[in-house]
Amino acid sequence: MAEPTITLKVARYRPGKDSAPTMQTYSVPYRQDWVVLDALNHIKDQIDGTLSYRWSCRMGVCGSCGMMVNGVPKLTCAAFLRDYPSQEIRVEPLAHFPIIRDLVIDMSDFLDKLKSVKSWIVRKVEKPVAEGEYRQTPAELEAFHQFTQCINCMLCYAACPVYGLEPEFLGPAAIALGYRYNMDSRDQGKDLRREVLGSHHGAWECTFVGECSEVCPKDVDPAAAIQRTKVDLAKDWFKSVLLPWGAR
Amino acid sequence: MFTHDIILIGGGGAGLRAAIAAAEQSSKLSIAVVSKVYPMRSHTVSAEGGTAAVMRDTDSLDLHAKDTIFGADFMADQDAVEVFIKEAPGELIQLEHWGCPWSRDADGRVSVRAFGGMSVDRTCFAADKTGFHMLHALFQTSQKYDNIARYDEFYVTSLLADDGKVRGVAAINIYNGRLEAIAGKAVILCTGGGGRIFPFTTNAAIKTGDGMAMAYRAGVPLKDMEFVQYHPTGLPGTGILITEGSRGEGGWLKNKDGYRYLQDYGLGPPTDTPVHRKMELGPRDILSRCHMQEYAKGRTFEGPYGHYVHLDLRHLGEEVINKKLPFVRELASKYVGIDPVYEPIPVRPVVHYMMGGVHTDMNGSAPLEGLYAAGETACVSINGANRLGSNSLTECLVFGARAGRAAVQYAAAQGAPSSQRLEALARDEQQRLDRQFLRKEGGKEKIAVIREEMQKAMEDGAGIYRKEEDMKRTCQLLRELRERFSNIAIEDRGDVFNTQLTAALELDFMLDVAEAVAHSALNRKESRGSHTRTDFPKRDDENFLKHTLAHRTPDGPRIDYLPVTITRWQPEERKY
Amino acid sequence: MNGTAVRPDKSKLHYSKMPPTWWLKKPAYLFFMLRELSSVFIAVFLVILLAQIHQLTKGPEAYAAFVQKLSSPGWIVFHITALLFALLHSVTWFQSTAVVMPLRLGERELPRNLVLALNIGAWVAVSAVILILFLALRG
Ligand SMILES: Cc1cc2nc3c(=O)[nH]c(=O)nc-3n(C[C@H](O)[C@H](O)[C@H](O)COP(=O)(O)OP(=O)(O)OC[C@H]3O[C@@H](n4cnc5c(N)ncnc54)[C@H](O)[C@@H]3O)c2cc1C
Ligand code: SF4
Ligand code: FES
């Protein structure tokens, strides 16, 4: 019996040649334990060496392989063919990002945003290494731990209509990362981050569609981080209005 | 042309640590981090179990040193090990200050867990995503240094040496296909390992030994390449790693009769709770061999992807698994459909780590002026013939930082590189790429085919058990593949994001690395650490207590040797 | 200098636009649009309420005539729709509260659905009390 196959419709865009992406159809073997990325690798190795996409770890942790699979943002190394019972799977680059080529998108803007929230520990005075570690209780760790799980896969941006309409929006993962550092008991940089998180394109731009948390493969729940950031910002604002004498 | 003071190739744990160390020396220095993937995609991200250092009063520097040297089967340079052990705690504390979300004890201290071959709990961890958290903490921290410039998605194709000194690199800007010269006074290779020369590996697609091959081509010897570590517990099929941390927490290895077979190989007695260095906490080389012997006895399971045994975590309970090993649960559930809370996980040995690499001293300095190396791509050597789990993340930090500082010191005494010379060198390199790949007509050989044949040759000749005739055949096959590679077919002539070109370049590098591994193995006529020969089953200190150095020549590697530095720990029989 | 030193050439990138019908693509998006739309209905309802109060100041006849107008089928449909939207808005509000203010019991976070259920329970109880008071005062 011939090996069962499945059809992959893959977006192609060759800069300089194509004016817009087109779809190309490939037939690949269907295997129970294959993920979409395996199918793409099969195409690249056996059928068409000119297809371009990013991948590396194949275990859902490096964050390289995010694409739209049947219109939904997915890590292709964690999207099994068996979960798509229709005979055809559509693979496109992550939505809302400029396309460099085929399935590869430009993520430089995302990196700028990660940096803009000052995603590192800010200290008034650095503690010398010789003085040892900061103590942090498991409960203090718990307060931000979930938001450290982000692999920068950008699926949440591809799911966020606000980002799609307004590319200036700081977006789910970046806000969640800012919130993560704000909540870290070792950090003292909250005041510095307020400017970005509370800006027009910061947390307030979010209208709480909630899809970012739906598609997040690592249960980071960026939507929660954004809403809690709003509450923090509001609290800080009230404090600054009600307690104008530096009693904050 | 771009110009900087220090150039890092690689944005993994070692590369970023080196970059920060260099950046901190002076804000006037300009540091470039050149990486073929965005730094947080680097393979360090996959490391799970933890990173070792003496963090508690119950531990001591000497004990960690002894475990490391013993684990290395006495092939480690003991002076380097002592430096490593001494600087390790400071590095982990530094990382803690930089925000790494370590798992914590109730009193707020960083937690430690047991790991294979370690005689006390000394492996710090961030659940079972230690490398992920380390890498992101380093990357995020690196953003605050204004003097670090990143060349993300730049593929380095060669070192540019002028007058016997490394003065920069040639790199393809993957966004537009242009080959750029990036000039610097010192270059630090932090390009990671090369597990992809084998078919079945825990290593990511990007681990193709590029840096090792670049140094090798520039005339630097590769050291101890025959020592390739198999990890005893990878998922069949994908090779996805199930961390040693799962055994550190108390997991059991069982054969098809449900029997904890390690007790038959001198690792017993079996106990319900884990005992350091015993049973499942034995070192990786020994555990991987035990698996193969169980297989030979017909006591392993047989599945679509070959033989496997069971890693049983059920007795740990859901709470411990969720708290300490959540990623193991996620990976096993997703990729083999097994929830370790209720069922044992199928596992088998899988290629994991290369102890060998670019020959360096303990400042990361290679025997070519201006060139440094750190991390998995370097061989200092602290790992000798078998690395202990959780030493290598620490190695990236300690020797990354040391190489960063040493390179700055070296660079201070160097004049600016000559841009004319470098541009000429880059033009030569461009011509080579055009000739070999981009403008070549009529190539017949497929990248994937040569890659697969190379991987198979490596598994057959340089796997867990090795013997003379297999290795000879492998060396022969690799030569033929090198020949065939010159007839490679490149269909993609695009400038932008040409991943077929990078795949070809990676294969080109891998063929060099594979040859160095095979020849180094063929010449070591003894069994030591991960290098096990059925025709020479004993360790032979008389003749082989020495490092292998493989030099590149047009006819294949030339092998010579270097003494191992022994200070306070005299070689003895390695028994657990 | 710091950060990405070289970026892709913008002129070669392909930028795609969101189609105007994007919100029909997913139930979640549609739901979100409905929630946004709900504010329109609630605003109109409030304007009517204000007008109604205003009529009160003009005496019982004017008020009765106004109420008479409001009982036309069109307005009844409008009010039912507005009520449904108000319910939708309230439920999503409580959903977001569950996200924004997690409840903790010791080390553990209470499940969101439980927090949501508690919120909605409290809301129904308060509404019931108001309704009973209203009926009692009227009767
Ligand atoms: C699955 C897994 C789990 C592990 N778990 C542990 C553990 O628990 N504890 C432990 O101590 N160790 C562990 N290890 C080992 C450890 O993770 C690695 O040895 C270590 O992370 C290597 O780091 P590195 O910085 O040397 O290289 P990498 O992180 O591999 O980085 C290499 C860098 O070099 C760049 N690069 C490579 N070639 C080029 C080129 N041609 N041009 C430009 N850039 C290039 C890449 O882009 C990348 O940024 C594990 C390894 C694996 C595979
Ligand atoms: S928050 Fe989730 S979806 Fe968004 S980038 Fe991080 S891991 Fe990906
Ligand atoms: S390949 Fe790394 S996340 Fe998919």
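A polar contact here is a pair of N or O atoms within 3.5 Å; within protein, one must be able to donate a hydrogen and the other to accept it, and residues adjacent in sequence count only if both atoms are side-chain atoms. The model is predicted: local features need pLDDT of at least 70, side-chain atom pairs count only at pLDDT 80 or more, and totals for chains, interfaces and linings use all residues. Side-chain values use heavy atoms, with hydrogens and water left out; residues are numbered from 1 along each chain as its sequence is written, and chains are lettered from A and ligands numbered from 1 in the order in which they are written.

**View 1. Backbone contacts of ligand 1 in chain B.** A nitrogen atom of ligand 1 is 3.0 Å from a polar backbone atom of B:Lys36. A backbone N or O atom of B:Val156 lies 2.9 Å from a ligand nitrogen, and a polar backbone atom of B:Gly11 is 2.8 Å from a ligand oxygen.

**View 2. Ring pair A:Phe147 and A:Tyr179.** The ring centres are 5.2 Å apart and the planes at 85 degrees, so the pair is edge-to-face (centres within 6.5 Å, planes over 60 degrees apart). A:Phe147 is buried at 2% relative accessible area, as is A:Tyr179 at 5% (buried means under 20%, exposed over 50%, partly exposed in between; 1.4 Å probe, protein chains only).

**View 3. Ring pair C:Phe41 and C:Phe78.** With centres 5.8 Å apart and planes at 20 degrees, the pair is stacked (planes under 30 degrees apart). C:Phe41 is partly exposed at 21%, whereas C:Phe78 is buried at 13%.

Conventions. Rings of Phe, Tyr and Trp (its six-membered ring) pair if their centres lie within 6.5 Å; planes under 30 degrees apart count as stacked, over 60 as edge-to-face and the rest as tilted.
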